[in-house]
Amino acid sequence: MVKRVVIAGGGAGGVTAALTLAEAIKNYKIGDLEVVLINRDEWHYMPPLWMDVALEGLPIEETRAPIRGLEAFGIKVIINNIVEFDLDNREVVLSDGQRVGYDYLIISLGSRNGWDSYEGLDRVGYHNYDPQSAVQLNRVIRGLTDQKIVVLVPELPFRCPIYPLEFASVLGYRIRARGYNPRITVLSPVSRKGEDLTGLFGPEIKEIWDRYLTAYGVEVKTHKGLESVDVDKKIVVTKDYEEPFDILIKTPPPRLPGPLRSEAFVHPEDKRFTKVTPGTLKHPDYDDVFIVGEHALPPIGLGMAGAFVRAAAYKAATIILTDEEGVGEIYRITSIACVAHVANKGFTAICEIKFDGNKYQRTGCYSVMESSLAKMLKRAFYKGWLDRIKV
Ligand SMILES: Cc1cc2nc3c(=O)[nH]c(=O)nc-3n(C[C@H](O)[C@H](O)[C@H](O)COP(=O)(O)OP(=O)(O)OC[C@H]3O[C@@H](n4cnc5c(N)ncnc54)[C@H](O)[C@@H]3O)c2cc1C
């Protein structure tokens, strides 16, 4: 009997899991496994490229690939909105009432931008956490001169922890290169260890951020929590001070996507995230359900970034292949690599990861390249990823 793996979400996690399974089905000639991916729109987006939309005017079309491109790999694609997971009956419920049955379910739905979580935050400011907003931000950036620019991070964790520092350093470099002297301040929540965003990945990475942010006039200020944004007075009100701005650039507080807001999924200690068993990435009560999206990762010690999501999705796919088909071996998450933009260059970072049975822990992060080549590498990786699906 053919078993069906249904993948909910066609973003970083969903596409990684789908392609891993599809390649194994082809390479190992597996005849009794089918892959169905459900995504709410016709595009697979690569969100890191929205930064290039905002900063460089990259067309939106270059940040996405048609999700139906996955059909060339033997993956069945359904474009529809998931409204509910009926875990007891092993069915995914779609907005038109259709129910898609599964033997295994892999969930990777990203996160909802919680702009409405703080007073005023939804009414002022620019961002690039969706493609249209990135285009709007690009128009604003083109006119920036000597303004006071505040890059606001309301809370930790959030989607892509390196992003505000990348953005602020590139912005500082670009505006200065045009002969202006903007005042750029990143408002960073203070971490449990008392650090700002520059320190989240250890001393070696902090040294790189500090060097470039100082060179391009970017100040990083910690705050003990956001209270509100005063839209009329143009002031960010935090628990410990008020910060005025001319231009506000904001990152979203992460909130759960609709279908994951039920009791079956919400993490008991932090309702911004889903529960998951760290070692297997399975739902604690349902052995056939894997939860790998960024909504699942912070409580188990992994970051809200595509690099972590891809590792989690790959692991889930290899568990299905070994358990179900006896092929390959289960992927162990032991390191994560990422590439960051910084001013006019880029750097690569590797984080070593240890799993202590309960949680993943970063044991050290270091950079292996700081160069304009790293910047090109970042763009090439995303472009190559999308081209594979376009073909
Ligand atoms: C500006 C920006 C820069 C970033 N830079 C980096 C970076 O440099 N490095 C890095 O590692 N990460 C980066 N990230 C983060 C990275 O993009 C995310 O962590 C990653 O995409 C999360 O993967 P996911 O599969 O959980 O969600 P997503 O990739 O967001 O995919 C979720 C998918 O599910 C679909 N979906 C959602 N709800 C439903 C529903 N109800 N029904 C059907 N489909 C649904 C969506 O349409 C989407 O296709 C960045 C993000 C942004 C916004």
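**Close-up views of a predicted model**

By class, 13 nonpolar, 12 polar and 4 charged residues make up the shell around the ligand. Here Ala, Val, Leu, Ile, Met, Phe, Trp, Tyr, Cys and Pro count as nonpolar, Asp, Glu, Lys and Arg as charged, and the others, Gly among them, as polar. This is a predicted model, in which local features need pLDDT of at least 70, side-chain atom pairs count only at pLDDT 80 or more, and totals for chains, interfaces and linings use all residues. Residues are numbered from 1 along each chain as its sequence is written, and side-chain values use heavy atoms, with hydrogens and water left out.

**View 1. The shell around the ligand holds 29 residues.** The closest are Asn39, Ser108, Arg159, Glu294 and Lys378. A residue is near a molecule or strand if one of its heavy atoms lies within 4 Å of it. Domain 1 (3-111 + 256-329) and domain 2 (114-253) each supply at least three residues of the shell. Domain bounds come from an automatic or database domain assignment.

View 2. How much of the ligand does the protein bury? Taken alone, the ligand exposes 990 Å², and the protein buries 94% of that. Accessible areas come from the Shrake-Rupley method with a 1.4 Å probe; for residues, only the protein chains shown count as cover. Two or more shell residues come from each of α1 (12-27), α6 (306-325) and α7 (372-390). Helix α6 gives the most, with 3 residues. Helices (H or I, at least four residues) and strands (E, at least two) are DSSP runs, numbered from the N terminus.

**View 3. Strands β6, β7 and β8 form an open antiparallel sheet, in that order.** Two strands pair if DSSP finds at least two bridges between them. β6 (82-86) and β8 (99-101) stand at the edges with a single partner strand each, so one side of each has no neighbour in the sheet. The twist averages 25° from one strand to the next. Strand β7 (residues 91-94) joins β8 through 3 bridges. Val92 stands opposite Val100 in β8.

**View 4. Another open sheet has the order β14-β15-β16, with antiparallel pairing.** Its edges are β14 (226-230) and β16 (242-244), each with a single partner strand, so one side of each is left without a neighbour in the sheet. β14 and β15 (residues 235-238) pair over 4 bridges. Ser228 has Val237 in β15 as its bridge partner.

**View 5. Strands β21 and β22 make a hairpin with 2 residues between them.** Here 8 bridges join β21 (residues 335-342) to β22 (residues 345-355), and the strands run antiparallel. Ile336 has Cys351 in β22 as its bridge partner. Ala343 takes a positive phi near 50°.

View 6. A cis peptide bond joins Leu156 and Pro157, with omega about -10°. Lys29 has a positive phi of about 50° although it is not a glycine.

Conventions:
Axes fitted to C-alpha atoms, helices over the stretch in contact; angles between N-to-C directions.
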